[in-house]
Each structure stands twice: as C-alpha cells, then as structure tokens.
Amino acid sequence: MRFNDKVVIVTGAASGIGRATAERFSAEGARVVLADIDAGALEEVAKGLPAERTLARTTDVSKQEDVEALVGAAVERFGRLDVIHNNAGILVEGTIADTSAADWHRAMATNVDGMFFGAKAALPHLRRSRGCIVNTASVSGLGGDVGMAAYNANKGAIVNLTRAMAIDHGREGVRVNAVAPSLTRTGMTTDIVSDAKTVDAFTDRIPMNRYGEPEDVAKVVLFLASDDAGFVNGAIVPVDGGLSAANGQPL
Ligand code: NAD
C-alpha cells in the first residue's frame, strides 16, 4: 500500500498502459483520477475501482483548458495532488514523405502538448506535496523506429522534456522520470500483436524474446512514483526486455 492517501492522476487511463497503472495505483491505496478522451471506456474502468477513491473525467489532453480542468477537479475532490502519470498517446505512422502537416500536428498535440499541459497544470500542486511526474515515453524516443517519423520525434521530445523538468524542479522536491516501453500489448498495438509474423519480426530483436504487457510497464511506473525511487530523477527507464541494450546484431 505504497500510495495510501496519495492522489494520482493517470491520463489515457481507459486502455492499455494507463489502465494498468491506474488499477495498480488504486490497488496500492491511492485515490485515483482517471482521464481519457474515450468517455465510455473510461467509465467502464472506473466502475471496477472503489467509488469513494476514484474520479473519472473525460479529458482531451491536447486541450490546455481540459487538462487544467482535470487537475482542478482532482484537487477539488481529493484536496491535493501527489503524482501525475502523463501517459495518453496516439500512434501516427509514416515517414516524413507520407506524413501530412495535419497528422504531424495531431501527433504533436496529443503526444507532446498533452504532456506539457499535464506537467504545467500539475506543477503548483506537486511543489506543495513534493510530488512527482512520470511520463510515458517510448524506445522510439531513444532511437528511431522505422516509418514512424512523427512518433519518434514526439517521444524524443518527451525524453528531453523529462530531463529538462528534472533539472529545473529537483530543488523544489519534484521528481520527473519517464518509462520507455518497447512493443506492448495494448489498444494501440492490437494489429501488430495479433499477427504472428509481425510479432516474430519484433521479438526476434528483443533479448527477452517477447513483447511487453501493460503490467510490465505499470510496475515500473509505480516504482518511479513511489518513495522507493526518492533519489531517482530525470531517469528514462527502458521497459523493453533488453531491446535498447543491443547493437542490432541478430540474437
Ligand atoms: P492505448 O491505445 O491502449 O491507450 C491510449 C489511451 O490514450 C486510450 O485510452 C486513448 O483513448 C487515450 N487517448 C488518446 N488520445 C487522447 C487524448 N487526446 N486525450 C486523452 N486521452 C487520449 O495505447 P497504450 O499503448 O496504452 O498507450 C499509452 C502510452 O504508451 C502512449 O503514450 C504510447 O505512445 C506509449 N507507448 C506504447 C507502446 C506500445 O507498444 N503499446 C510502446 C511505447 C510507448
């Protein structure tokens, strides 16, 4: 029960990694504020959690006013804020040649602006609670993935935004870290993980020889958000079965 009495916001909580972290935070005693653009799916997740410790709020993280209202609602309902897991994201595929300006801006708006708005709105409350931020980056932010130019750029931005915030706010007692998952079985990757050949093409490069489960990522998010990680700040933690440790040779 590492999060007894803590108040935690999770964005993208209706599915995949965000759902797994929200459920885990709740299971460890937190009061959890679930945010997602998908109101129906969000309600379903919220129904499975204790009503007195759960708030679900439909939010589009690409809209600053929505994110400010989310943080305001969390503090109004539970009186404080200790953790924000900036996690909502979308996958926009394509090389630069076949990415339209509209798709580029859509990817930036959710994957980068959304995490900036979350951090900015949460910061005054995190200063008070000496709380922390955990961002969901990706191995795509550490090295490029093929045919995902905008997404690689988005996640690279999150990696360095995480470091910048860690440097700027460490003195205020606010820690900022990120997880960098590789292929994980979520709503975003249903097409990939349901095709055996594509799965093999991915997992052949992963020392642990499997893709990740949302729980694999959630456990690391909770560690980074906990007091056990009290001296961990500005870390980008791969949750990738060893993918980013390798030099690309066949395994
Ligand atoms: P997912 O599609 O299962 O979940 C993403 C959630 O974000 C969905 O519930 C979706 O409705 C929500 N969302 C999308 N746009 C939103 C918006 N504008 N405002 C609020 N909510 C919005 O996918 P996931 O894999 O769990 O994705 C979570 C995070 O993990 C993302 O940031 C993604 O980039 C990252 N990630 C995923 C993988 C993977 O292989 N699945 C790997 C590395 C990083």
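Predicted model: local features only at pLDDT ≥ 70, side-chain atom pairs only at ≥ 80, totals over all residues.

**Entry 1: the ligand shell.** Sorted by class, the shell around the ligand holds 17 polar, 9 nonpolar and 3 charged residues. In total, 29 residues surround the ligand. I noted the closest ones: Gly12, Gly16, Gly89, Thr186 and Gly187. Next I asked which helices each supply at least two residues of the shell. They are helix 1, residues 16-27, and helix 4, residues 101-129. Helix 1 gives the largest share, 3 residues.

**Entry 2: the whole chain.** I then stepped back to the fold. I listed 8 helices and 7 strands in the protein chain. Its radius of gyration is 17 Å, close to the 18 Å that the globule rule gives for 251 residues, so the chain is as compact as a globular protein of that length. Along the principal axes, the C-alpha atoms fill a box of roughly 50 × 35 × 35 Å. Buried residues account for 48% of the 251 in the chain. I also looked up the contacts between residues at least 6 apart in sequence: 69% of them join residues at least 24 apart.

**Entry 3: the cores.** Which residues have the most contacts inside the largest nonpolar core? I found Val8, Ile9, Leu34 and Ala122, in a core of 64 residues. Helix 4 provides the largest share of this core, 8 residues. A second, separate core has 6 residues, among them Val92, Ala107, Met148 and Ala149. Leaving out residues up to four places away in sequence, Ile9 touches Val33, Ala35, Leu70, Val71, Ala74, Leu81, Ile84, His85 and Ala122.

**Entry 4: helix 5.** Helix 5 runs over residues 149-169, which is 21 residues. From first C-alpha to last it reaches 30 Å, close to the 30 Å expected at 1.5 Å a residue. I wrote down its buried residues: Ala149, Ala150, Tyr151, Asn154, Lys155, Ile158, Leu161, Thr162, Met165 and Ala166. A reminder to myself while reading that list: an α-helix has 3.6 residues a turn, so residues three or four places apart point the same way. What covers the buried residues of helix 5 includes helix 4, strand 5 (132-136), strand 6 (175-181) and strand 7 (236-239).

**Entry 5: helix 8.** How many residues of helix 8 are buried? I counted 9 of 12, so I noted this helix as mostly covered. The buried ones are Pro214, Asp216, Val217, Ala218, Val220, Val221, Leu222, Leu224 and Ala225. Their cover includes helix 1, strand 4 (83-86), strand 5, strand 6 and strand 7. Helix 8 spans residues 214-225 and reaches 16 Å between its end C-alpha atoms, close to the 16 Å expected.

**Entry 6: Thr95.** My last stop was a loop residue: Thr95 sits between strand 4 and helix 4. Is Thr95 buried or exposed? I get 11 C-beta neighbours inside 10 Å, so Thr95 counts as exposed, given that 12 or fewer is the cut-off. Which residues does Thr95 touch, not counting those up to four places away in sequence? They are Gly147 and Ala149. Thr95 and Gly147 lie 52 residues apart in sequence, yet their C-alpha atoms are 4.7 Å apart in space.

Note on methods
Residues numbered from 1 in each chain as written. Near = placed C-beta within 6 Å. Helix = DSSP H or I, 4+ residues; strand = E, 2+ residues; numbered from the N terminus. Nonpolar A, V, L, I, M, F, W, Y, C, P; charged D, E, K, R; others polar. Rg over C-alpha atoms; globule rule 2.2 N^0.38 Å. Buried ≥ 20, exposed ≤ 12 C-beta atoms within 10 Å, placed from the backbone. Contact = placed C-beta atoms within 7 Å. Core = buried A, V, L, I, M, F, W, Y, C linked by C-beta atoms within 7 Å. Expected span 1.5 Å × (residues − 1).
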